[in-house]
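Welcome! Let us take a walk through this protein together, one part after another.

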Amino acid sequence: MFCKVSSCAGLCFGLFRAVEKVFSEGPENLCFLGNLAHNQILMQKLKDAGAVVVDDIASVPKGSKVVIRAHGEKRDVIENIKFLGFDIIDLTCPKVKFIHKIVSEAESLGKTIIVIGDSKHPEVAGIVGWCHRSFVVGDIEDAFKKLRIFKLLSGGFCVVSQTTFGRKHFESIFDFLKKNLKEVEVKDTTCQDSEIRRTELEKESQVYDLIVVVGNSLSSNSSKLFETARGICKNSIHVERPSELPVGLKRYESVFITGSASTMKETVEEVKESILNLWNL
Ligand code: SF4
């Protein structure tokens, strides 16, 4: 029996930085506009320490410091928080902040912004909230459908990506846009962190009997890692915590365990311990 944990396991740079800051501030005074990460274990820890999570600004308790999470936030939401007199702890990942800057500057030059990503993802909603004329494109079919509208627009286009969008997928969409539109400026804003995790997983999925992806099913990064693993190794499972491990894993002789960008290293290690315990039974 052999069990290996990914060398990339643990929170990505942006989330690690955010979690460190939150715990150094003391979570008891903090109010989050939405979950800091798609990670129920982490969110429970923060709530147990006194942090509050709300869905909108109107629900922020008096005297709280409002946390802008790593995914970033729309410009008008940040302005409203300031207007209402709340202190802000801005934990937007610097890589996401850079995208906000790109789209704001491109729009001031008269360009239309195209964000390649999932329109329902909070990071994408945040990016779109830093410009006035933008479109979100989720896949080639979507790009094809929107092409007719794009051709009516003048001033050129600036194309950026959701950070956790797969680079290959991003490249196929921007190739399509470049072939079919004039004046397209492309900024590859995919995050290296996701690429490194995916590349390692692709390699290890060809070697190990069982692949375990640890992460929340709502996490885009986590679901994409699971799809990658399952496409190569049919014995792939997706769990958020050790208690979700299915029965019958003892029959596998080698296991590779990885975690998403929003999964803490300690959770990945706990999953490993549980699997090793099954073997030792
Ligand atoms: S995945 Fe990358 S861009 Fe997104 S929060 Fe983490 S480090 Fe930042």
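Is the crossing of α8 and α9 left-handed or right-handed? It is right-handed. Keep in mind as you look that this is a predicted model.

Let us stay with this pair for a moment. Helix α8 covers residues 192-205, and helix α9 covers residues 220-232. Their axes are 9 Å apart, and the two helices pack at an angle of about 25°. Since angles under 35 degrees count as roughly parallel, α8 is therefore roughly parallel to α9. On the α8 side, the residues that make the contact are Ser-194, Arg-197, Arg-198, Leu-201, Glu-202 and Ser-205. They meet Asn-221, Leu-225, Thr-228, Ala-229 and Ile-232 in α9. Sorted by class, the residues of this contact are 4 nonpolar, 4 polar and 3 charged.

Now step back to see how the chain is divided.

Next, turn to the ligand. Where does the shell around the ligand lie? Domain 2 and domain 3 both give residues to this shell, so it lies between them. There are 14 residues around the ligand, and those that come nearest are Cys-12, Gly-14, Cys-93, Thr-163 and Cys-191. Three helices each supply at least two residues of the shell: α1 (13-25), α4 (94-108) and α8. Of the shell, the largest share comes from α1, with 3 residues. Grouped by class, the shell holds 8 nonpolar, 4 polar and 2 charged residues.

One more helix pair is worth a visit. Helix α6, residues 140-150, packs with helix α7, residues 167-180, at an angle of about 20°. The axes of α6 and α7 are 9 Å apart. These two helices are therefore roughly parallel to each other, and their crossing is right-handed. In α6, the contact is made by Ile-140, Ala-143 and Leu-147. Facing them in α7 are Ser-172, Ile-173, Phe-176, Leu-177 and Asn-180. This contact of α6 with α7 has 6 nonpolar and 2 polar residues, and no charged ones.

Notes. Residues are numbered from 1 along each chain as its sequence is written. This is a predicted model: local features need pLDDT of at least 70, side-chain atom pairs count only at pLDDT 80 or more; totals for chains, interfaces and linings use all residues. Axes are lines fitted to C-alpha atoms, for helices over the stretch in contact, and angles run from 0 to 180 degrees between N-to-C directions. Helices (H or I, at least four residues) and strands (E, at least two) are DSSP runs, numbered from the N terminus. Angles under 35 degrees count as roughly parallel, over 145 as roughly antiparallel, 65 to 115 as roughly perpendicular and the rest as oblique. A crossing is left-handed if the near helix is turned anticlockwise from the far one by less than a right angle, and right-handed if clockwise. Two residues are in contact if their C-beta atoms, placed from the backbone, lie within 7 Å. Ala, Val, Leu, Ile, Met, Phe, Trp, Tyr, Cys and Pro count as nonpolar, Asp, Glu, Lys and Arg as charged, and the others, Gly among them, as polar. A residue is near a molecule or strand if its C-beta atom, placed from the backbone, lies within 6 Å of it. Domain bounds come from an automatic or database domain assignment.
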